[in-house]
Amino acid sequence: MIIDLHLNEKTVVIVGAGNEALKRIKLLEPEGCKIIVIGEKPNSEIIKLSQKKKITLKKTKITSMLFLKKHKPFLVIASTTDSLLNQKIVQTAKKMKILSYASDSPDSSDISYLSLIDIKKTIKVGISTGGGSPIMAKKIKSKTEKCLQKNISDQDIELIKIQKFARSES
């Protein structure tokens, strides 16, 4: 089942501060959630995002799972280079009824990332291989995006916006 999580105002904790964490941050930024990144050696882009107050950065090494109790996230993303730590985070989060995702183990995760097509910030289309082949999902996304952009008109977008407005006024 594919769903669109509404993360606005929710807390998301990302454990790890390398390139994989940065990819997740970039996907989460437009969602309006509070992003807390916990990592010992953050890369320079993550440091810049912290300085711009787009994320909260905790420069520390994870030695226990107490951070889950402290921050009470809606979602935790384990993106460290330590597979055992990632699995421990996922297992602990599941026991606490927190959604979890391990970058190196989609099968043990509660969610999968889709390859998203965003058309004029109004229509989102997700392509998923269920974690089986992110490279193929990206390739299929590219083909599909071209087709959708040709066939979805500005009038379609305006009709969606009108219907959304009408629904909010009811």
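Tutor: Happy to! One definition comes first: helices (H or I, at least four residues) and strands (E, at least two) are DSSP runs, numbered from the N terminus. Keep in mind, too, that this is a predicted model.

Student: With that settled, which elements each supply at least two residues of the lining of the second largest pocket?

Tutor: This pocket holds about 610 Å³ of space and is lined by 23 residues. Arg24, Tyr113, Leu114, Ser115 and Pro134 lie nearest its centre. The elements that each give at least two lining residues are α1, β6 and α5 (134-151).

Student: Which element gives the most to the lining of the second largest pocket, and how does that lining divide by class?

Tutor: By class, the lining has ten nonpolar, eight polar and five charged residues. As for the element that gives the most, with five residues, the name is α5.

Student: Let's turn to the largest pocket. How many residues line it, and which lie nearest its centre?

Tutor: The space in the largest pocket comes to about 1,400 Å³. Its lining counts 34 residues, and those nearest the centre are Asp4, Leu5, Glu31, Leu116 and Lys124.

Student: Which elements give two or more residues to that lining, and which of them gives the most?

Tutor: Two or more residues come from each of α1 (19-28), β6 (115-119), β7 (123-127) and α6 (154-169). By class, the lining of this pocket holds 18 nonpolar, six polar and ten charged residues. The element that gives the most, with five residues, is α6.

Student: Now the chain as a whole: how many helices and strands does it have, and in what pattern do they follow each other?

Tutor: The count is six helices and seven strands. Along its principal axes, the C-alpha trace spans about 55 × 40 × 35 Å. Read along the sequence, the pattern is β-α-β-α-β-α-β-α-β-β-β-α-α.

Student: What share of the contacts with a separation of 6 or more joins residues 24 or more positions apart?

Tutor: For background, buried residues make up 35% of the 170 residues. The chain exposes about 11,200 Å², with 53% of it supplied by carbon and sulfur atoms. The share of contacts you asked about is 47%.

Student: Leaving aside neighbours within four places in sequence, which residues is Leu28 in contact with?

Tutor: Leu28 is among the residues with the most contacts inside the largest core. Beyond its sequence neighbours, its contacts are Leu7, Val12, Ile14, Cys33, Ile35, Ile77 and Tyr113. A second, separate core has 16 residues, including Met65, Ala78, Ile89 and Ile98.

Student: Is Ser103 buried or exposed, and where is it found?

Tutor: Ser103 is found in the loop between β5 (99-102) and β6. Leaving aside neighbours within four places in sequence, Ser103 is in contact with Glu20, Arg24, Ile77, Ala78 and Ser79. Its relative accessible area is 19%, and the cut-off for buried is under 20%, so Ser103 counts as buried.

Student: How far apart are the C-alpha atoms of Ser103 and Ile25?

Tutor: Along the chain, Ser103 and Ile25 are 78 residues apart.

Student: Last one: where are Lys53 and Lys121 found, and is each of them buried or exposed?

Tutor: Lys53 sits in the loop between α2 and β3 (56-59) and has a positive phi of about 65° although it is not a glycine. Lys121 lies in the loop between β6 and β7, with a positive phi of about 55°, and it is not a glycine either. Exposed means over 50% relative accessible area. Lys53 is at 73% and therefore exposed, and Lys121, at 79%, is likewise exposed.

Definitions and conventions: Residues are numbered from 1 along each chain as its sequence is written. This is a predicted model: local features need pLDDT of at least 70, side-chain atom pairs count only at pLDDT 80 or more; totals for chains, interfaces and linings use all residues. Side-chain values use heavy atoms; hydrogens and water are left out. On a 1 Å grid over the protein atoms alone, a cavity is a set of points where a 1.4 Å probe fits but cannot get out, and a pocket is an open set with protein on both sides within 12 Å along at least five of seven lines; lining residues have an atom within 4 Å of a point. Grid points are joined across faces, edges and corners, and a volume is the space filled by probe spheres set on the points. Ala, Val, Leu, Ile, Met, Phe, Trp, Tyr, Cys and Pro count as nonpolar, Asp, Glu, Lys and Arg as charged, and the others, Gly among them, as polar. Buried means under 20% relative accessible area, exposed over 50%, partly exposed in between (1.4 Å probe, protein chains only). Contact means heavy atoms within 4.5 Å. Accessible areas come from the Shrake-Rupley method with a 1.4 Å probe; for residues, only the protein chains shown count as cover. A nonpolar core is a set of buried Ala, Val, Leu, Ile, Met, Phe, Trp, Tyr and Cys residues joined through side-chain atoms within 4.5 Å.
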